[in-house]
Amino acid sequence: MRQLAHRLERLGTETAFSVAQAAAAWKAQGNRVYPFHLGDINIPTAPHIVEAMNRAIADGYTGYCPGPGIPELREALAEDIGSRRGISLTPDNVVVMTGGKPVITKFLQAVMNPGQEVLYPNPGFPIYESQIEYLGGTAVPYRYLPTESGFAIDLDQVRAAITPNTVAIIYNDLQNPISAESTAAEREAVAQLAQQHNLWVLSDEAYFETRYEGVSNSIASLPGMAERTVILYTFSKKFAMTGSRLGCAVAPPEIAKVLSTLNTNDESCTTHYVQWAGIEALRGPQAPVQQMLDTLRERRDAACELVNATPGMHVAVPHSTFYLFPDVTAAMERMGCTEVGDFATAALQQTGVSFCTREHFGRRQPGEERQYIRLAYSGIDVADIRDGLGRLREWIETA
């Protein structure tokens, strides 16, 4: 075989899919599996959005369209995103993309040169680290510290990690996998550091509107931040459109132009008829959004109740996302497990409960002693949550 590019050695993946493969293999052997591993949504896209997509296909919107997105969708996104965050946006700030994930790659291509450093959350979405390293940058992790209400960014570590070679920080408020939500003070501290050190900010806001209590706030709305922040927006979570692959970057106009050019180079444009569905999602009936949130809230409550009733497991009740990140250190000790991966394998084989572990969300940092797993409840109904986590509790209780 001819030699492949060396940069492929630096390319990671979304490791939840490897857990999905193990769960599928176990299920193929005739076993029951409770899928807490993948953050997909088993709630269908609302009918009026599907109808808009089908209507666009019937009307012939099946060819190429502008690289930054059709004007009608960019206008709708600027209006919706800006009004919900209290910032003034125009279509020139919006670049439509095939989901939220491409925003990560194209942001890094736009602001980072090989060898430069980018701060990213760890544990965090694994594509951050993968793309920083793949594109030749230096991925510098920052950690979260456990609190009574969840987790908080270790701001002292962030401050110590910034060097003259640092060009950007990836900031994921309402965070996957740990559901951490910044306080106003924490958000302001990150903004202050970005301005003090002249850093670009990628604000991953995929779960901005997937919340059950309270109100979300964007770092881009703070003074001096709009001109240095790129917002990652996706239709996947709010509108249950994961397979439609529709999202956008909201950026200062000079960065938006670069992102648009990258679109043209990479995929020409986002699927034309899907963009018309996006307009309907934003401007059509919003009742399905609230109905989905009500369903997810029920799932959250059921999952938290059972996790906190299981010996050696504990989680704070998150106000957003659809993930739990419980501490399972004592449960693992009870089961005689020293590696969280072994705990996950044993849980799958003994109870059918499939989940990701802390190791699926970045390399463990020095000093980490507690053990965590991630439970995604977006793709599993309440009855199965109770059944699956009930089996997990019984397995641990009887050890």
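Biologist: Before we start, what are the ground rules here?

Modeller: It's a predicted model, so local features need pLDDT of at least 70 and side-chain atom pairs count only at pLDDT 80 or more, while totals for chains, interfaces and linings use all residues. Residues are numbered from 1 along each chain as its sequence is written, and side-chain values use heavy atoms, with hydrogens and water left out.

Biologist: Why is the pair of Y207 and Y323 called edge-to-face?

Modeller: Rings of Phe, Tyr and Trp (its six-membered ring) pair if their centres lie within 6.5 Å; planes under 30 degrees apart are stacked, over 60 edge-to-face, and the rest tilted. For Y207 and Y323 the centres are 5.6 Å apart and the planes stand at 75°, so edge-to-face it is. That's one of 13 aromatic pairs in the structure.

Biologist: What makes it a link between distant parts of the chain?

Modeller: Y207 sits in the loop between β8 (200-204) and β9 (229-234), and Y323 in strand β11 (residues 323-324), 116 residues apart. Helices (H or I, at least four residues) and strands (E, at least two) are DSSP runs, numbered from the N terminus. Both tyrosines, Y207 and Y323, are buried.

Biologist: How do you know whether F343 and W395 are buried or exposed?

Modeller: Buried means under 20% relative accessible area, exposed over 50%, and partly exposed in between (1.4 Å probe, protein chains only). F343 has 0%, so it's buried. W395 has 15%, so it counts as buried too.

Biologist: Why is the contact between R299 and D381 called a salt bridge?

Modeller: The term needs a side-chain nitrogen of Lys or Arg within 4 Å of a carboxyl oxygen of Asp or Glu. R299 and D381 meet at 2.9 Å, N to O. The structure holds 23 salt bridges. R299, in helix α10 (residues 287-308), and D381, in the loop between β14 (373-376) and α13, are 82 residues apart.

Biologist: What makes E305 and R386 a tie between separate parts of the sequence?

Modeller: E305 lies in helix α10 and R386 in helix α13, so the pair ties together parts 81 residues apart in sequence. The salt bridge itself is 3.7 Å, N to O. At 49%, E305 counts as partly exposed, and R386 is partly exposed at 41%.

Biologist: Where do D387 and R391 lie?

Modeller: Both are in helix α13, four residues apart, about one turn of the helix. The closest N and O atoms of the D387–R391 salt bridge are 3.3 Å apart. D387, at 30%, counts as partly exposed, as does R391 at 40%.

Biologist: How do you know that R85 lies over the face of F208?

Modeller: A charge sits over a ring if NZ of Lys or CZ of Arg is within 6 Å of the ring centre and within 35 degrees of the ring normal. R85 is 3.7 Å from the centre of the F208 ring and lies over its face.
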